[in-house]
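Here is a short briefing to read with the model open beside you.

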Amino acid sequence: MLKTLAGVDPAKFAVWQVIPGKDDILVGDTDLICLADAGLEHFFTGVPQTTEGGAA
């Protein structure tokens, strides 16, 4: 659902949940996220693996 809301290709992009002060969490396609805790949840999408910067 998050990929659909973000308007990205679900097959090419992944979603991470931003955790302030800690490593971001990769959200799987079937993972459930609890939004009951106080505060605003932040997510971002990106390509899960890239060869950018690799040797030619």
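Predicted model: local features only at pLDDT ≥ 70, side-chain atom pairs only at ≥ 80, totals over all residues.

Residues are numbered from 1 along each chain as its sequence is written, and side-chain values use heavy atoms, with hydrogens and water left out.

**Overall layout and confidence**

- The chain has 1 helix and 3 strands, where helices (H or I, at least four residues) and strands (E, at least two) are DSSP runs numbered from the N terminus.
- Along the sequence these elements follow the pattern α-β-β-β.
- The mean pLDDT of the chain is 88, and 88% of its residues reach 70 or more; pLDDT is the predictor's confidence in each residue, from 0 to 100.
- Among the elements, α1 has the lowest mean pLDDT (93), and strand β1 (residues 14-17) has the highest (96).
- Of the 56 residues, 14% count as buried, a label for under 20% relative accessible area, with exposed meaning over 50% and partly exposed in between (1.4 Å probe, protein chains only).
- Among contacts (heavy atoms within 4.5 Å) with a separation of 6 or more, 55% join residues 24 or more positions apart.

- Lysine 3 counts as buried because its relative accessibility is 12%.
- Beyond its neighbours within four places in sequence, lysine 3 is in contact with Val8, Pro10, Phe13, Ala14, Val15 and Asp29.
- How many salt bridges does a search of the whole structure find? The search finds 1 salt bridge, defined as a side-chain nitrogen of Lys or Arg within 4 Å of a carboxyl oxygen of Asp or Glu.
- The side chains of lysine 3 and aspartate 29 meet in a salt bridge at 2.7 Å, N to O.
- Lysine 3 lies in helix α1 and aspartate 29 in the loop between β2 (25-27) and β3 (43-46), so the pair ties together parts that are 26 residues apart in sequence.
- Is aspartate 29 buried or exposed? Aspartate 29 is exposed, because its relative accessible area is 65%.

- Valine 8 sits in the loop between α1 and β1 and is buried, with a relative accessible area of 17%.
- Not counting residues up to four places away in sequence, valine 8 touches Lys3, Phe13 and Thr45.
- The C-alpha atoms of valine 8 and threonine 45 are separated by 8.0 Å, although the two are 37 residues apart along the chain.
- Proline 48 is placed in the segment after β3, and leaving aside neighbours within four places in sequence, proline 48 is in contact with Lys12, Phe13, Ala14 and Trp16.
- From C-alpha to C-alpha, proline 48 and valine 15 are 8.5 Å apart in space and 33 residues apart in sequence.

**The largest pocket**

- The largest pocket holds about 280 Å³ of space.
- Its lining has 13 residues, with Met1, Leu2, Val27, Asp29 and Asp31 nearest the centre; a pocket here is an open set of points on a 1 Å grid over the protein atoms alone, where a 1.4 Å probe fits, with protein on both sides within 12 Å along at least five of seven lines, and lining residues have an atom within 4 Å of a point.
- Helix α1 (residues 2-6) gives the largest share of that lining, 3 residues.

Key:
Points joined across faces, edges and corners; volume = space filled by probe spheres on them.
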